[in-house]
Amino acid sequence: MVGLEFSFKFKAPAKPGDPLRFRWEVIDVAWNENLKGDIVTLAGSIFNSEGTELLTSQGKALVSGDL
């Protein structure tokens, strides 16, 4: 897997020692003939132990058996 592009939006600070929960969701998968692999579009979030969303993110990655 190769990361192609990612963006992040920080919404709140994390506190030292607070356990964090990361979540990634696959939004789309599309074959790219030129790159010989699937372009996977992702959306993600990070939450603290209280359930407050600390960060949101979006990204695209190339997934190929040839890498």
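In the predicted model, four strands form an open sheet, arranged in the order 1-4-3-2 with antiparallel pairing. Strand 1 (2-10) and strand 2 (21-32) lie at the edges of this sheet, and each has a single partner strand, so one side of each is left without a neighbour in the sheet. From one strand to the next, the twist averages 15°. In general, the strands of a sheet pair through backbone hydrogen bonds, in either a parallel or an antiparallel manner.

The pairing of strand 2 with strand 3 is antiparallel and extends over 11 bridges. Within this pairing, Trp-31 has Asp-38 of strand 3 as its bridge partner. The two strands, strand 2 and strand 3, form a hairpin with four residues between them. In the turn of this hairpin, Lys-36 has a positive phi of about 55°.

Strand 3 (residues 37-47) also pairs with strand 4 (residues 53-63), again in the antiparallel sense, over 10 bridges. Two positions illustrate this pairing: Ala-43 stands opposite Gln-58 in strand 4, and Gly-44 has Ser-57 of strand 4 as its bridge partner. The hairpin of strand 3 and strand 4 has five residues between the strands, and Gly-51 takes a positive phi near 90° there. As for burial, eight of the 11 residues of strand 3 are buried, so this strand is largely enclosed by the rest of the structure.

The loop between strand 3 and strand 4 contains Asn-48. Asn-48 counts as buried because its relative accessibility is 14%, and the cut-off for a buried residue is under 20% relative accessible area. The side chain of Asn-48 reaches two backbone nitrogens of other residues: that of Glu-50 at 2.9 Å and that of Thr-52, likewise at 2.9 Å.

Strand 1 supplies the largest share of the nonpolar patch, namely three residues.

Methods
Residues numbered from 1 in each chain as written. Predicted model: local features only at pLDDT ≥ 70, side-chain atom pairs only at ≥ 80, totals over all residues. Heavy atoms only, no water. Pairing = 2+ DSSP bridges. Axes fitted to C-alpha atoms, helices over the stretch in contact; angles between N-to-C directions. Buried < 20%, exposed > 50% of the residue type's maximum accessible area, 1.4 Å probe, protein only. Polar contact = N/O pair within 3.5 Å; in protein donor to acceptor, adjacent residues only side chain to side chain.
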